[in-house]
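Subject: The structure for you to look at

Hi,

Here is the structure I said I would send over.

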Amino acid sequence: MKKIKILNKIFSKPISCLTAYSPSIANILDGKIDLILVGDSLGSTLYGMNNTQGVTMDMMKNHGAAVNKKIKKSLKVLDMPYKTYDNKIDAYKNARILLKHCRPDLLKIEVNEKKLVVLKHLVDKKVNVISHIGVTPQSYKNFNKIKVLGKTNKEKQNLLKLAKESETLGAKAVLLECITTDTAKLITENISIPTIGIGASRYCDGQVLVFDDLINLSTNNKKPRFVKNYFNFNKIASNVVKKYNRDVKLKKFPSTKFTYD
Ligand code: KIV
């Protein structure tokens, strides 16, 4: 089995990553998944926002710190929220706050050509960074406008350039979101740091999904094509709730087993 190294940890390739926003989910994932990401997707997934632009430092600090307590084995990754790394000064100031509160192994930022200077600054300051390229959700107010990238040769070359530059500047991995198979393959073959894909084909060195999508926990019915539902938690939980409601109405719950003499 091929091995892959991120920081000082060795994983068998391809690496696996899922999101966790709460200690209970982190507890389920820890040690079973290589990387656990406290993603700013919590804005839309957990807080019902239309996009991730409303996610704040406080949200990331609170969820990051809560999740951190339950992770002992997997690598911890935390997203920097929208507008907190627009320039070098803000980026490092906010990175330090998140690192202090949540103790992640790596921070993830969404990168375009203009943000490379921020990536470099964080790396120079010894912050471990994952560079998120391709579709970068923080740039979208309306997720319906998201389109797969890398279809044209120009897009493909731009993404390859961005991935190479991220590597040269010291990113520890590149996350590729919603890009064509050809482009993901080209990037993965042309950089030596790991690529982690979401909607970016099996050619990536790793895969990430939002945990809530994996088990159909979220109420959002319109899932992107790249989401695979492994379990219908929504359906099962709905049946359990109906059963509980019936038991309460019929005074079947609580029976003496659940009460105190
Ligand atoms: O915020 C998030 O959960 C992410 C994943 C979609 C990769 O960035």
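The centres of domain 1 and domain 2, taken over C-alpha atoms, are 40 Å apart. Domain 1 covers 3-230 and domain 2 covers 234-261, with bounds that come from an automatic or database domain assignment. Please keep in mind that this is a predicted model, in which local features need pLDDT of at least 70, side-chain atom pairs count only at pLDDT 80 or more, and totals for chains, interfaces and linings use all residues. Residues are numbered from 1 along each chain as its sequence is written, and side-chain values use heavy atoms, with hydrogens and water left out.

Now the inside. Leaving aside neighbours within four places in sequence, I133 is in contact (heavy atoms within 4.5 Å) with V111, L159, L162, A163, V174, L175, L176 and E177.

Next, the charges. The whole structure has 10 salt bridges, each being a side-chain nitrogen of Lys or Arg within 4 Å of a carboxyl oxygen of Asp or Glu. One of them pairs K13 with D205, the closest N and O atoms being 3.2 Å apart. K13 lies in the loop between β2 (9-12) and β3 (15-19) and D205 in the loop between β9 (195-198) and β10 (206-209), so this pair ties together parts that are 192 residues apart in sequence. (Helices, H or I with at least four residues, and strands, E with at least two, are DSSP runs numbered from the N terminus.) D205 is buried at 7% relative accessible area, whereas K13 is partly exposed at 29%; buried means under 20%, exposed over 50% and partly exposed in between, with a 1.4 Å probe and protein chains only.

Within helix α7 (residues 181-190), K185 and E189 are 4 residues apart, about one helical turn. Their closest N and O atoms are 3.3 Å apart. K185 is partly exposed at 30%, and E189 is exposed at 55%. Salt bridges that share partners also join K83, D86 and K115 into one network.

Last, the surface: L217, Y230, F231, F233, I236 and V240 form a nonpolar patch with about 550 Å² of accessible area together. Here, patch residues have over 30% relative accessible area and no salt bridge; like charges are joined within 9 Å, and nonpolar side chains (Val, Leu, Ile, Met, Phe, Trp, Tyr) within 5 Å. Areas come from the Shrake-Rupley method with a 1.4 Å probe, and for residues only the protein chains shown count as cover. Y230 is exposed at 54%.

Best wishes
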